Amino acid sequence: MQELVIRRPDDWHLHLRDGGVLRGVIADTSRHFARAIIMPNLVPPVVTSADAAAYRERILAAIPAGDRFEPLMTLYLTEGTDPADVEAGFRSGLIKAVKLYPAGATTNSHSGVRDITKAMPVLERMAEIGMPLCVHGEVTTPEVDIFDREAAFIETVLDPLRRRLPDLRITMEHVTTKDGIDYIKEHAANLAGSITTHHLIINRNAILVGGIKPHYYCLPVAKRETHRLALRAAAVSGDVRFFLGTDSAPHVDPLKECACGCAGIYTSVNTLSCLAHVFEEEEALDRLEAFTSLNGPAWYGLPVNEETITLRKGGEPVRYPAKVETDAGPITVFDPMFPLHWAVV
Ligand SMILES: NC(=O)N[C@@H](CC(=O)O)C(=O)O
Ligand SMILES: [Zn+2]
Ligand SMILES: [Zn+2]
């Protein structure tokens, strides 16, 4: 029997949705995680501080009694976002970051940014006040192949933005390529990257080999194996600029299993079991805590959690539900395609 005690983790990129889905999924995060950066891509999106305050109340109301969980709110950047509202939300402590969705890049991104120059007043203000920008780093140009969209974003959007606003602190969310990892490693200042659980485990074969597998489809889409290996190396390296953002993104099954299925993988249920498995395979269990519990707070300027959790490795595979039932419908849980032996005690 092996045991590992780590500080209670945080999730630096999480979709909780709203209504029946929110009520159905929140316990899967609040059970193990102390805090999470909550994505604002609701319909309609969380655009103003007032929207975020109201959404935060709905989240707090859904947390099971006895769980201590703090939602860290973000604002969805639009071309009409008011810099004064962003600054007021940040200074009050309510808003931790602003999220940039290039319009059309991913789920519920149609209200996002088409022309980044229109968002410059907000971005300039954020650079001044030290407020982080979280980016979904993919271009939407139809000519660019979907597997190249992250690399193209780095070259055509991220790098120019960083040159124009070197003081802006940017989290490159859900990095999926070696290009992204290398870019972050080469540019130390004001740049960090979150890495999901599933991108450490699957490559694009999971989506396409042996039939089309909608439950492995997410954005940015999983890339080829070389990229997965680069993500794993970064995650287990202990490098402070890389930390966990699960991007756990629940969609009810009918919206995944159809002719035009939604992007998103639901990993909250078994994320920590999966991560312990990955870190053990990489002989890096001693660096799991840095990835899940230390590097993220350092980047966001928050204290680390004082509580701990214990992970235990047993002989029998961990049992977890294949689906979570919610008032809005069933949601399929990420299947890593190998048995998990690490469980949170
Ligand atoms: N990751 C996804 O595939 N989907 C996310 C959006 C996102 O994070 O891009 C979602 O909201 O469903
Ligand atoms: Zn995204
Ligand atoms: Zn996401």
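UniProt, in an unreviewed entry, places the feature "binding site" at Lys99, His136 and His174. In this predicted model, the three residues span 76 residues in sequence, yet no two of their C-alpha atoms are more than 12.7 Å apart, so they gather at one spot. Lys99, His136 and His174 also belong to the lining of the largest cavity.

The two histidines can be described in turn. His136 is found in the loop that runs between strand 6 (133-135) and helix 5 (149-164). His174 is found in the loop between strand 7 (170-172) and helix 6 (178-186).

Are these residues buried or exposed? His136 has a relative accessible area of 1%, which is under the 20% limit, and therefore counts as buried. His174 is likewise buried, with a relative accessible area of 1%.

| Side chain | Partner side chain | Distance |
|---|---|---|
| His136 | Glu138 | 2.8 Å |
| His174 | His136 | 3.1 Å |

Which residues surround each histidine, leaving aside neighbours within four places in sequence? For His136, the contacts include Lys99, His174, Tyr101 and Phe153.

How values were computed
Residues numbered from 1 in each chain as written. Chains lettered and ligands numbered in written order. Predicted model: local features only at pLDDT ≥ 70, side-chain atom pairs only at ≥ 80, totals over all residues. Heavy atoms only, no water. UniProt positions renumbered as here; feature names shortened; annotations may be inferred. 1 Å grid on protein atoms, 1.4 Å probe; cavity = no way out; pocket = protein on both sides within 12 Å on 5 of 7 lines; lining within 4 Å. Helix = DSSP H or I, 4+ residues; strand = E, 2+ residues; numbered from the N terminus. Buried < 20%, exposed > 50% of the residue type's maximum accessible area, 1.4 Å probe, protein only. Contact = heavy atoms within 4.5 Å. Polar contact = N/O pair within 3.5 Å; in protein donor to acceptor, adjacent residues only side chain to side chain.
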